[in-house]
Amino acid sequence: MNKPILYIFAISHYCEKARWALDYLEIDHQIRYLSPGMHIDVAKNLGVPASSLPILADTNEVIQGSAEIIDWAQKNTATQHSLTPPDKETQCLDFEQRLDNVAGVHTRRYFYSEALVENSNMVLQTFTKDLQPAERESVTKEWPMIREMMIQMMDLGAAQGEESKQIVNRELAWIDELLADGRSYLVADRFSRVDIAAASLFARQAAPEGHPSGRFMELPPRMAATQKSWHNRPSLQWIRGIYRKHRKKL
């Protein structure tokens with residue numbers, strides 16, 4: 001039986017979330033790196049309703065979205081692990097939805113509003129690092145058009161970046177507050193999908209060791225300065241600890 005294929009952007013925090021869950025649940029899989037533009041044709045060929053990544057293609061089904069991939073992995077793991085504690089299922093899913101819809105969206109817009117608008121070669125290098133030579137050449141050639149498309153689709157710009165920075169700050173403050181009672185995990189008394197979501201979606205702010213794309217997660221200047229000033233926040237220290245303890249070394 002062929003291994004499932006996980007289609008990802010190397011730079012994507014949602015893709016890291018799905019990949020981490022598959023690794024943790026010991027689902028053997030192949031990684032297929034894509035770049036913007038390429039992913040649209042792949043999604044269309046796989047028959048999914050949107051073009052967003054991650055997408056997991058198994059022998060009998062195709063699953064799109066990080067939360068949906070976690071659901072699938074839990075049903076298909078041969079281990080005894082579960083990332084959704086039965087007694088905390090509703091709370092887990094509510095927390096994860098907030099992280100996906102707020103933190104994930106605004107950490108992305110915050111980063112790209114500076115990186116893609118002002119330092120786009122940094123983004124290009126990360127997108128193309130694991131592509132085949134012909135694919136790398138094609139993406140590099142088309143990069144100006146891809147860049148403009150991404151700026152429009154994600155509503156990027158200086159004002160948007162500042163707005164998203166403030167929302168990221170607010171969401172980190174929420175996690176700081178949750179951790180103030182000394183808990184080790186955000187929802188349950190053990191590691192869960194919420195911890196994976198928070199750690200992966202805020203990884204760019206925390207700069208944890210053990211991130212598969214960590215050495216390619218260079219930040220543009222203003223964001224790097226903010227990251228430095230936030231370094232000792234409880235939430236970001238916690239994320240670095242979660243990576244050390246629970247992220248499989250790749």
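Ala, Val, Leu, Ile, Met, Phe, Trp, Tyr, Cys and Pro are counted here as nonpolar, Asp, Glu, Lys and Arg as charged, and the others, Gly among them, as polar. The model is predicted: local features need pLDDT of at least 70, side-chain atom pairs count only at pLDDT 80 or more, and totals for chains, interfaces and linings use all residues. Residues are numbered from 1 along each chain as its sequence is written, and side-chain values use heavy atoms, with hydrogens and water left out.

A pocket is an open set of points with protein on both sides within 12 Å along at least five of seven lines; a cavity is a set where a 1.4 Å probe fits but cannot get out. Lining residues have an atom within 4 Å of a point. Points are joined across faces, edges and corners, and a volume is the space filled by probe spheres set on them.

The largest pocket has a volume of about 830 Å³. Its lining comprises 38 residues, of which S12, Y14, S52, L53 and R108 are the closest to the centre. By class, 19 lining residues are nonpolar, 14 are polar and five are charged. Helices (H or I, at least four residues) and strands (E, at least two) are DSSP runs, numbered from the N terminus. At least two lining residues come from each of α1 (13–24), α3 (66–76), α4, α6 (133–154), α8 (193–201) and α9 (203–206). The most come from α4, with nine.

Helix α4 spans residues 89–118, 30 residues in total. From first C-alpha to last it reaches 42 Å, close to the expected 44 Å. The expected span is 1.5 Å times one less than the number of residues. At Y112, α4 bends by about 35°; this is the angle between axes fitted to the seven residues ending there and the seven starting there.

One cavity of 30 Å³ or more was found in the whole structure. The largest cavity holds about 40 Å³ of space. Its lining consists of I8, F9, A10, S12, C15, E16, R19, H211, P212 and S213. Five of these are nonpolar, three polar and two charged. Helix α1 gives the most, with three residues.

Four strands form an open sheet of mixed pairing, in the order β2-β1-β3-β4. Two strands pair if DSSP finds at least two bridges between them. The edge strands, β2 (30–33) and β4 (62–64), each pair on one side only. Strands β1 (residues 5–8) and β3 (residues 55–57) run antiparallel and are joined by three bridges. I5 stands opposite A57 in β3.

Most residues other than glycine have a negative phi, and most peptide bonds are trans. The bond from L53 to P54 is cis, with omega near 10°. P54 lies in the loop between α2 (38–46) and β3. D155, in the loop between α6 and α7 (158–179), has a positive phi near 55°.
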